[in-house]
Amino acid sequence: MLADYTGGTLAYRELIVFSAPKLVGDRLGWVVSHIYVDDVRSRSGGREIWNLPKEPAEFSLAPGRFEARQDGELLVEARIRRRPGFLPLTIPAPAIGELDGRPVLSVGRARIRAAPALVRLSGRFVNGTRLGLAGDALDLTMPAPPA
């Protein structure tokens with residue numbers, strides 16, 4: 001997931017890499033294997049509150065293009081061809097943070113205005129062209145952090 005958060009509590013950019021889903025108790029969620037941000041407050045909060053393995057990275061954005069690098073190494077470059085229009089979607093967002101081997105499941109809800117997109121990806125985690133969603137006006141609501 002590539003995100004450019006422009007409003008809300010923090011404004012920052014983020015790259016989230018998910019691995020296979022996993023059961024935590026009786027709930028299924030996507031494991032966040034890598035997550036990169038360009039804001040120190042997001043990094044600290046993600047690690048301390050949600051147990052997410054957030055690391056710093058540098059981002060560049062242009063129309064139809066998103067790039068993330070860490071210490072000069074390309075993490076991902078995405079070239080995005082989005083279809084016109086949008087469809088409002090509500091998507092469950094179950095995510096598992098596993099920092100230091102301790103899994104924390106958070107089940108949120110994402111509302112987004114999305115359109116189909118063709119995304120050409122290259123970098124450390126993926127290469128090739130994929131179908132995806134390109135969206136605007138993401139409203140991601142997560143539950144209170146675990147005690």
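This is a predicted model: local features need pLDDT of at least 70, side-chain atom pairs count only at pLDDT 80 or more; totals for chains, interfaces and linings use all residues.
In the hairpin formed by β2 and β3, where two residues lie between the strands, Gly 25 adopts a positive phi near 65°.

**Strand pairing around β3**

- Strand β2, covering residues 12–24, and strand β3, covering residues 27–37, are paired in the antiparallel sense over nine bridges, and within this pairing Lys 22 has Gly 29 of β3 as its bridge partner.
- A parallel pairing of three bridges joins β3 to strand β4, residues 54–56, where Glu 55 is the bridge partner of Tyr 36.

**Surroundings of Tyr 36**

- Tyr 36 has a relative accessibility of 1% and therefore counts as buried, the limit being under 20%.
- Once residues up to four places away in sequence are set aside, Tyr 36 touches Arg 13, Glu 14, Leu 15, Glu 55, Pro 56, Ala 57, Phe 59, Gln 70, Leu 75, Arg 124 and Phe 125.
- The contact with Arg 124 includes a polar one, since a distance of 3.2 Å joins the side chains of Tyr 36 and Arg 124 in a polar contact.
- Between Tyr 36 and Glu 48, which are twelve residues apart in sequence, the C-alpha to C-alpha distance is 15 Å.

**Aromatic pairs and a charge over a ring**

- The structure contains three aromatic pairs, and in one of them the ring centres of Tyr 5 and Tyr 12 lie 4.9 Å apart with the planes at 50°, so that this pair is classed as tilted.
- Both members of that pair are buried, Tyr 5 with a relative accessible area of 16% and Tyr 12 with a relative accessible area of 13%.
- The rings of Tyr 36 and Phe 125 also form a tilted pair, because their planes stand at 45°, while their centres are 6.2 Å apart.
- As Tyr 36 belongs to strand β3 and Phe 125 to the loop between β9 (102–123) and β10 (128–141), the pair ties together parts that are 89 residues apart in sequence.
- Phe 125, at 29% relative accessibility, counts as partly exposed, whereas Tyr 36 is buried.
- The charged end of Arg 113 sits over the ring of Phe 86, at 4.5 Å from the centre of that ring.

**Nonpolar cores**

- The largest nonpolar core comprises 14 residues, and Leu 15, Tyr 36, Phe 59, Ala 68 and Leu 75 are those with the most contacts inside it.
- At least two residues of this core come from each of β2, β6 (65–70), β7 (73–82) and β9.
- Phe 59, leaving aside neighbours within four places in sequence, is in contact with Arg 13, Glu 14, Leu 15, Tyr 36, Val 37, Asp 38, Phe 66, Glu 67 and Ala 68.
- Another core, of six residues, lies apart from the largest one and has Val 32, Trp 50, Leu 52 and Ala 95 among its members.

**Asn 51 in its loop**

- Asn 51 is placed in the loop between α1 (40–48) and β4, and is buried, with a relative accessible area of 4%.
- Beyond residues up to four places away in sequence, Asn 51 touches Gly 46, Gly 97, Glu 98, Leu 99, Arg 102, Pro 103 and Val 104.

Terms used. Residues are numbered from 1 along each chain as its sequence is written. Side-chain values use heavy atoms; hydrogens and water are left out. Two strands pair if DSSP finds at least two bridges between them. Helices (H or I, at least four residues) and strands (E, at least two) are DSSP runs, numbered from the N terminus. Rings of Phe, Tyr and Trp (its six-membered ring) pair if their centres lie within 6.5 Å; planes under 30 degrees apart count as stacked, over 60 as edge-to-face and the rest as tilted. Buried means under 20% relative accessible area, exposed over 50%, partly exposed in between (1.4 Å probe, protein chains only). A charge sits over a ring if NZ of Lys or CZ of Arg is within 6 Å of the ring centre and within 35 degrees of the ring normal. Contact means heavy atoms within 4.5 Å. A nonpolar core is a set of buried Ala, Val, Leu, Ile, Met, Phe, Trp, Tyr and Cys residues joined through side-chain atoms within 4.5 Å. A polar contact is a pair of N or O atoms within 3.5 Å; within protein, one must be able to donate a hydrogen and the other to accept it, and residues adjacent in sequence count only if both atoms are side-chain atoms.
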